[in-house]
Amino acid sequence: MEKIKETQGSGQINILQDALKTTIEKVRDEKDEKTKRKLIRQIERYNNRIDMLRSGRRISRQTRKNLVAYSFIAPNFIGFCVFTLIPIVFAFALAFMNWDGSNPVSFEGFNNFKRLASDTFFKAALKNTIIYCVGTVPLTMIASLALAIVLNQKVIGRGIFRTIAFFPYVASLVAITSVWKMLFHPSKGPVNNILFTFFHIPQDALPQWFSGSLCVISMILFSVWKYMGYYMVIYLAGLQGISKELYEAASLDGAGTWNQFRYITWPQLSATTFFVVVMLTINCFKVYDVAVMLAGGGSGELTVSATVLVYYIYQKAFIDWDLGYSSAVAMVLFLMVLIVTIIQFRGQARKEA
Amino acid sequence: MKKKVISLVLSAAMIASLLAGCGGAAVESAPATDVQEVAEAVQEEAPAPEPEAAAEEVTEEAAEPVTLKWAIWDESTTQYWGDIKAAYEAKNPNVTIEMVDLGSTDYMTVLATELSGSGSDFDVVTIKDVPGYATLVQKNAIIPLDDYISADGVDLSKYAGATDQVVVDGKLYELPFRNDFWVLFYNKDIFDAANVDYPTNDMTWAEYDELARKVTDTSFGSQIYGAHYHTWRSTVQLCSVLDGKHTILDGEYDFMRPYYEMVLNQEADGVCRKYTDLKTEGLHYSAAFSGGDVAMLNMGSWFIATMLTNLASGEYDPSLCGNWGIVKYPHAEGVEPGSTLGTITGLSVTSACDTPDAAWDFVKWVSGEEGAAVMASSGNFPAIMTDEVKTAITGLEGFPADDASKEALNVANLYLEVPYGENVSEINSILDSYHGSIMTGEMSIDDGLAAMSQEVSALLK
């Protein structure tokens, strides 16, 4: 019995080795990269089989090595699966279903997405989010770049000014929104008081900073002020990475400050700007805290003029328990961020090419 | 390729183990019933002994310890939770009530999350508002109590019609133990100083408006506001449902117009604080009233207990608001005085509860007469209003001594702020949102009401 098995084994090995040889030859002649890679994988497989038959083990050495490696990855991967991968996949699936968290899930197809088209609150949230992004991203970028350039010069008290500019980013959102609300209080705030006393704007015409269409503008102003310090630090790092020789050479050629900025600083900062814009856009689409804190009043409820997508997702999911619909809204948000980011990546790739 | 396969296998194995974890409980319960059945069979087979043994068994069963997990809010600042627990445990020594405080701000949201899926271990939950109640009913998280009610002969007429307004498809899922109704608080000192008669228990809204304007003083530095409306929708919009002809579930909201007009005109004339100001500074109604510059405040009866405690403790300055009184809510022309808004707080048994009979007994006790007595002892309004309860509350230290204030506690018709209806949670969100839009002036009253009607009727279709 043993002997028969052995001879059978060696016979198989011979067959395999022949096959191996022919494939190796094929690989040498092959020009197409894809088929070449395929053939190389085939060779690996033959090698493993031969190895297995020779050693007489069920699991080849290679497989065992792989298993050990996977077992090291497993703890992290399981965590990633449970807390990230499965929820993400589930959220995608939910967008096509109807579920309230307790009763059985039912399949809805594209109904959730059809409902979006006639939903006033969704449209308002989408509009406000887009206005907020379009306002916040360029303004924050310009403000932080300007700050970075000024504070990169040798000015007196540079460290103090940098700290001051960075401070709003570190300060608690709740605390500073309270201060903003006092400053912009519609009838008692100093801002409206100044408008009233010095600019003689009649009392009825004083701006209502936290309601109506002004609400989103207040949110934009607040965000620019709060987050410009953070992006200033990133720009500062970018500015310090630009070689001094470039400026020296430019000034020898007679380039003024503006031309230096136009032809040296700005192109040299393009990678930083790209990072800043991507981060800003994503953060802007995610806006929730600023809206609820500034316009939510005591109850945290947002009216049509202040509602944003993330708030609406929360409301639909955890107040109305319409998880499928809220996932559909979340998908819209996801797609928007994805599209904007892809466009930016493309633009950046073209610039670098 | 291989890596992909292995990662797939890994994730598949994980999902399988997850499923196995979920299924575990169901599998486990099967042998348990087996054991029970066997035990019962053994008992049956055993020669029926003396009646003595049987009696012993009964007492043993009665003494079997039960723990009921009860969801509540604000345990440290609300006295009655502890009172109820103590009183019930004293009466039922085998029952332990375990209170879990979920906080009051988003209590119903947290509760709905807790009761989602099958992992919940709450037995009795407090129902804070009707939209949240509707959510729990739709999620099948709480059980109908009708069988228990008819078996134990609970008389629902004691609740003066409040329970009829939360019936879902002919079934009742909660019993109220606390019932707050809206009254008009007023500051007597302000009326005395302005030499104006006090509000009465029989006022129409027009008379109320006139009175508010009479005591208002808009001169800078010594402003007196004739009225105050908290930022809740109820304070303005729900005055309109008190004629008994309309509810917020109608889908057509033009009937709310007079009340929005009244309040916005008052705002424009400085009779009350501006909604946008209140929203921005987050001024609480209690701070507004205790500040001594508000003549009249429409608010729920829960504020009575707040006034009593805070005046006694010295937190409110008695020289500013110590001389206060209450009268019945103003009423629409041609409607019986004493029609008012109400809010019930109820108890429900969860569908996940292992001991529904014990949980029901607790619910029945708290919402019954004995529970009512416990509630009244701390100045709160129980769902069952008896004369004793009224005497208990009006007899509390610091309660306004005039007869009108005592008479104000007699309610003729009680309309829930939110009666049960399908989609009530969504309707509530829509009305809240447009209420904000109207009050901040983002939308005209016409546009706001039209938008409400349009959105809600689309939902009701």
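Analyst: In the contact between the chains, 34 residues of chain B meet 31 residues of chain A, where contact means that the C-beta atoms of two residues, placed from the backbone, lie within 7 Å. This is a predicted model, in which local features need pLDDT of at least 70 and side-chain atom pairs count only at pLDDT 80 or more, while totals for chains, interfaces and linings use all residues. Residues are numbered from 1 along each chain as its sequence is written, and chains are lettered from A and ligands numbered from 1 in the order in which they are written.

On the side of chain B that touches chain A, the elements giving two or more residues are helices H1 (2-45), H4 (107-114), H5 (130-138), H11 (275-281) and H19 (424-440) of chain B. Helices (H or I, at least four residues) and strands (E, at least two) are DSSP runs, numbered from the N terminus. The most is given by H19(B), with 8 residues. By residue class, this side of chain B has 6 nonpolar, 19 polar and 9 charged residues. Ala, Val, Leu, Ile, Met, Phe, Trp, Tyr, Cys and Pro count as nonpolar, Asp, Glu, Lys and Arg as charged, and the others, Gly among them, as polar.

Now the strand. In S4 of chain B (residues 175-187), 13 of the 13 residues are buried, so S4(B) is largely enclosed by the rest of the structure. A residue is buried if 20 or more other C-beta atoms lie within 10 Å of its own, exposed if 12 or fewer, and partly exposed in between, with C-beta atoms placed from the backbone.

S4(B) pairs with several strands, pairing being at least two DSSP bridges between two strands. It runs antiparallel to S8(B) (residues 339-349), joined by 6 bridges, and there Pro176(B) is opposite Gly346(B).

In S7(B), Val327(B) lies opposite Leu184(B), and Ile326(B) is the bridge partner of Phe185(B). S7(B) itself is mostly covered, with 5 of its 5 residues buried.
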